[in-house]
Amino acid sequence: MPSTHERLPDNPAGWATDPGALVYGLDLSRFADSDGDGFGDLRGAMDHLDHVASLGVIWIWLLPFYPSERRDNGYDVDDHLAVDPRFGDLDDLRAFLARAHDHGIRVLIDAVPHHTSDRHPWFLAAREDTDGRAGKFFVWSDDDSTEPGDHPMFPGEEETVWAFDERAGRYYHHQFYSFQPDINATDPDVFEEIVQLLTFWLGVGVDGFRIDAALLLVQGKGRPDTDVDDAVFFDRLRARLREIRPDVALIAEASEPPEAMASLIENDRFDAVIDFSLNNATFLALARERAQPIVDALSRLDDSIPAESRLNFIRNADEADLSLLSDDERREVFARFAPDEDALIYGRGIRRGWAPMLQPAARVRMTLSLLHALPGVPLLQAGQELGQGDDLRVRGRGAARTTMQWDDSAWGGFTAASVSPLTLGAQVDGPFGYRTVNARAQDGDDGSLLTLARELARVRREAHADAAGWTAVDAGDGAVLALRRDGLLTLHNLSGREATVAIGDGQHAALADGWDGRTLAPYGFAWLD
Ligand code: BGC
């Protein structure tokens, strides 16, 4: 089977035939600023697509770029049908898509149908007439009583899921911030609007969508008759989008256990889900220095969601959300990786970035390799391939949202502006800042994380490691995760001690750190074929 890089750009494969080597989450605002306004943009990102392609990226996921006050990083959408002028315009997006396609990269955009911002025209119209056609787009109530289980997603920042709107004289429901009123997915006009806006973007040339908060969209909103049948809703959505673009890719974001997500990929409703369960298990395994939690999570996933329909990640853009662990398990992970109260958030997550949280460097390298070895499709957020840091002085979930560190010049080469409002203080002077950690310094350095990321992409592609059929095998040491498929065997030592491995002796190492044929150094790993 040819690798995706050999496919003709005018004959793109859909997710089903080519789930892809790597998905790359790209926040335009923080990636590359071409016009010196301190804010990244499409032209800037276009100039760095070589870097993205060098990582073996098949799909870029563009985080929200819509007009927005960006009180929630652009997930507070003011207008679903435009590009925020700070990023450029529709022509810039078309140019970006064309350039990405030239590189053999397809582009998913973040679609946020679950809520709007409180400045969106739908909401402005709805508050004028909550019982009328416009009003039905949202969920209104005369009182703010809550049903059991109906709680805000950001406890501590939001006290309740109801906000009083003066204009309407009623409460509206919001699962996220109070400036993000929830859409009422039961309304047929809403469904039609969602189809229309996704159709619009397909017309512009995007290849698919990451549907934000997919399950929350269809679940009840604390009042009778507010839930919709997810199977019916998403089947209809898929069918409508396929009429326009038969190979449209649909990825669901939902932090739920595998069994709750299974229906999303049945009947091809979605191509894949962003899976949090394996991520949570990976943190538990790293905390315990035992492979078993990962092995257990994989077998549970295999019962519900095939590997090619799972997106794996080590650290997503918000907090490391560990809500799928039990309270005791989560405490174990907190004690190991975030002993400082200040590093925790919402009682469920860790604010620290990947590299600072999982240092030493050997463990950061091992986890990057692990991400590529786990059955499923790996997902990186821009900057993670360099081992960028965090800044806990930033309040809330923004602590690990760093601007891209291209070189060691001012602001890491991210912007030519004299002041860079999005660059975190620790990026200037912290141990993971751009003076030490940057793409230029790592490019061509055999020992760098960037070189490892490129090597992993190459080995993964050459070994067809994206194929299904991986099984966990006993390596003879509980700290070592051993995964086998056909002739390929990957070994990862999750512990900070040397591990003796009972298998793999005599196999050729396509890529390895700290492997001598029998033992793995602390946090060592090996790809054997
Ligand atoms: C995003 C968050 C956002 C939330 C609500 C999540 O998928 O990652 O940043 O706050 O959706 O839109």
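Phe123 and Tyr172 are both buried, where buried means under 20% relative accessible area, exposed over 50% and partly exposed in between, with a 1.4 Å probe and protein chains only. The model is predicted, so local features need pLDDT of at least 70 and side-chain atom pairs count only at pLDDT 80 or more, while totals for chains, interfaces and linings use all residues. Residues are numbered from 1 along each chain as its sequence is written, and side-chain values use heavy atoms, with hydrogens and water left out.

**Aromatic pairs**

Rings of Phe, Tyr and Trp (its six-membered ring) pair if their centres lie within 6.5 Å; planes under 30 degrees apart count as stacked, over 60 as edge-to-face and the rest as tilted. By this rule there are 22 aromatic pairs. Two of them are tabulated here.

| Pair | Centre to centre | Angle between planes | Class |
|---|---|---|---|
| Phe123 and Tyr172 | 5.0 Å | 70° | edge-to-face |
| Phe154 and Tyr177 | 4.3 Å | 35° | tilted |

Helices (H or I, at least four residues) and strands (E, at least two) are DSSP runs, numbered from the N terminus. Phe154 and Tyr177 are both buried. Together with Phe176, Phe179 and Tyr346, Phe154 and Tyr177 form one aromatic cluster.

**Charges over rings**

A charge sits over a ring if NZ of Lys or CZ of Arg is within 6 Å of the ring centre and within 35 degrees of the ring normal. Arg86 lies over the face of Phe39, 4.6 Å from the ring centre. For Arg236 over the ring of Phe191, the distance to the centre is 4.0 Å.

**Arg454**

Arg454 belongs to helix α16 (residues 449-462). Its relative accessible area is 22%, so Arg454 is partly exposed. Beyond its neighbours within four places in sequence, Arg454 is in contact (heavy atoms within 4.5 Å) with His51, Ser54, Leu55 and Asp443. The side chains of Arg454 and Asp443 are joined by a polar contact of 2.7 Å; such a contact is a pair of N or O atoms within 3.5 Å, where within protein one must be able to donate a hydrogen and the other to accept it, and residues adjacent in sequence count only if both atoms are side-chain atoms.

**Whole chain**

The protein has 16 helices and 20 strands. Of its 529 residues, 62% count as buried. The C-alpha trace spans about 75 × 50 × 50 Å along its principal axes.
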